[in-house]
Number of protein chains: 2
Amino acid sequence: MTAAPARLFDFIGGSEGTWRVDRIGAVTGDSLPAAARLQVVEAGGATEPTGSAWQLRGITSNERYVERSEKQQLLARQPALGRPEATRAALIPIRKNAAWWAMTQDERRTAFEVQSRHIAIGLDYLPAVARRLHHCRDLDAPQPFDFLTWFEYAPADAEAFEALVAALRASPEWAFVDREVDLRLSRGA
Amino acid sequence: MTAAPARLFDFIGGSEGTWRVDRIGAVTGDSLPAAARLQVVEAGGATEPTGSAWQLRGITSNERYVERSEKQQLLARQPALGRPEATRAALIPIRKNAAWWAMTQDERRTAFEVQSRHIAIGLDYLPAVARRLHHCRDLDAPQPFDFLTWFEYAPADAEAFEALVAALRASPEWAFVDREVDLRLSRGA
């Protein structure tokens with residue numbers, strides 16, 4: 001019997017970790033406390049993190065909006081995490097407002113893709129940018145954000161990554177974002 | 001500031017609780033251990049349950065499939081939990097298989113409503129049957145089921161409730177259910 005793939009992750013800001021924090025900025029609402037390093041760990045491990053300033057938890061899950069034709073394109077083009085050349089990363093926690101969560105599935109799909117082209121915009125930046133989405137909303141304890149998205153890219157793709165986040169932030173979907181923090185990180189090659 | 005509505009619930013089978021367990025039956029896969037009573041409590045309370053044989057946890061969340069026109073009909077017809085005459089209840093925990101979770105949103109919606117008329121079938125039994133759906137899949141710890149659905153109805157609607165669960169179990173969606181337990185409960189009027 002093989003172990004199930006890890007789904008629950010903690011992002012721990014503090015004095016330790018593989019990733020150096022280059023900057024933490026609030027895009028909308030409150031920022032997070034300063035931290036020098038970030039650890040990304042599977043949650044529920046035996047060792048308690050030391051030197052932590054804050055901790056964010058999220059879980060990977062089934063996709064909520066992607067349709068089959070989009071999924072085929074994503075599978076064909078999306079890179080894995082952990083590429084040696086991807087020495088830059090971003091952690092972008094966001095929270096959506098009550099109006100978003102009160103919408104029905106068809107309304108959220110319309111805002112997400114028909115109006116905002118969220119999936120289509122992301123596809124434009126594959127295979128440069130690797131991505132893993134974590135959901136926070138249905139964990140046991142209330143969380144400060146609804147989603148934690150983790151991105152990895154090479155320094156040569158840093159400008160492309162800025163264009164990606166700018167395009168998403170300019171989309172109608174982002175009118176529903178009421179808190180967003182942007183952490184940029186790097187590690188040795 | 002008003003408190004957020006409770007979303008995380010524990011269903012505790014054992015020797016205590018408002019609800020008397022009339023029967024526990026496995027529909028698909030393993031059953032649950034016998035228990036005389038069931039408590040339904042908001043999770044994270046100060047008191048530890050006593051006399052418990054087992055505990056299932058779930059969280060209410062945004063709807064995954066309902067569209068606006070369906071939502072309008074549900075809102076117009078669905079009753080609240082806790083009606084004095086609703087002295088019968090059912091707790092139906094289900095787990096769906098890997099094939100279900102590997103489908104994209106459009107594929108799951110097709111199986112759920114286009115092929116199986118899950119929402120339409122439910123509407124046929126409103127306002128007789130009150131219902132609350134709890135999700136288990138994105139909690140911190142792995143759970144034995146993906147969903148816990150809680151139903152309340154009056155004794156006079158018991159036959160209608162049997163017809164509802166029979167219709168759902170006969171639908172194509174149920175081919176994806178790989179574990180299902182059915183608990184029936186009652187309380188004094």
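These notebook entries record what I looked up in the structure above.

**Ground rules**

I am working with a predicted model, in which local features need pLDDT of at least 70 and side-chain atom pairs count only at pLDDT 80 or more, while totals for chains, interfaces and linings use all residues. Residues are numbered from 1 along each chain as its sequence is written, and chains are lettered from A and ligands numbered from 1 in the order in which they are written.

**Entry 1: the fold of chain A**

I began with the elements of chain A and found 5 helices and 8 strands, where helices (H or I, at least four residues) and strands (E, at least two) are DSSP runs numbered from the N terminus. Read from the N terminus, their order is β-β-β-β-α-β-α-α-α-β-β-α-β. I noted a radius of gyration of 16 Å for chain A, close to the 16 Å that the globule rule gives for 189 residues, so the chain is as compact as a globular protein of that length. This radius is taken over C-alpha atoms, and the rule is 2.2 Å times the number of residues to the power 0.38. The C-alpha trace of chain A spans about 45 × 45 × 35 Å along its principal axes.

I then looked up contacts, which need C-beta atoms, placed from the backbone, within 7 Å. Of the contacts in chain A with a separation of 6 or more, 77% are between residues 24 or more positions apart.

**Entry 2: what is buried**

I call a residue buried if 20 or more other C-beta atoms lie within 10 Å of its own, exposed if 12 or fewer, and partly exposed in between, with C-beta atoms placed from the backbone. In chain A, buried residues make up 28% of the 189 residues.

The largest nonpolar core has 54 residues, and those with the most contacts inside it are A:Leu38, A:Leu91, A:Leu185 and B:Leu91. Such a core is a set of buried Ala, Val, Leu, Ile, Met, Phe, Trp, Tyr and Cys residues joined through C-beta atoms within 7 Å.

**Entry 3: helix H3 of chain A**

In H3(A) I listed A:Gln105, A:Arg108, A:Arg109, A:Ala111 and A:Phe112 as buried. Seen down the helix axis, the buried residues of H3(A) fall within an arc of 165 degrees, so they line one face of the helix; the arc is that of the directions from the helix axis to the C-beta atoms. These buried residues pack against helix H2 (98-102) and helix H4 (118-124) of chain A.

After H3(A) comes A:Arg117, which lies in the loop between H3 and H4 of chain A. A:Arg117 has a positive phi of about 50 degrees although it is not a glycine, and with 17 C-beta neighbours inside 10 Å it counts as partly exposed.

**Entry 4: two loops**

The peptide bond from A:Leu126 to A:Pro127 is cis, with omega near 5 degrees, and A:Pro127 sits in the loop between H4 and strand E6 (130-135) of chain A. I checked chain B as well, where the bond from B:Leu126 to B:Pro127 is cis with omega near 5 degrees.

I also looked at A:Ser15, in the loop between strand E1 (8-14) and strand E2 (19-28) of chain A; with 12 other C-beta atoms within 10 Å, A:Ser15 is exposed. A:Ser15 and A:Arg37 are 22 residues apart in sequence, yet their C-alpha atoms are 5.3 Å apart.

**Entry 5: how the chains meet**

A rotation of 180 degrees with 0.0 Å of shift along its axis superposes chain A on chain B (RMSD 0.0 Å), which is the relation of a two-fold axis. In chain A, the C-alpha nearest the axis is that of A:Leu139, 2.1 Å from it. The superposition is by least squares on the C-alpha atoms of residues with pLDDT of at least 70 in both copies.

The contact takes 21 residues from chain A and 21 residues from chain B. Helix H1 (68-77) and helix H3 (105-115) of chain A each supply at least two residues of the side that touches chain B, and the largest share, 3 residues, comes from H3(A). I also noted that 100% of the interface residues of chain A are interface residues in chain B too, so the copies meet through the same surface.

Methods: Two residues are in contact if their C-beta atoms, placed from the backbone, lie within 7 Å.
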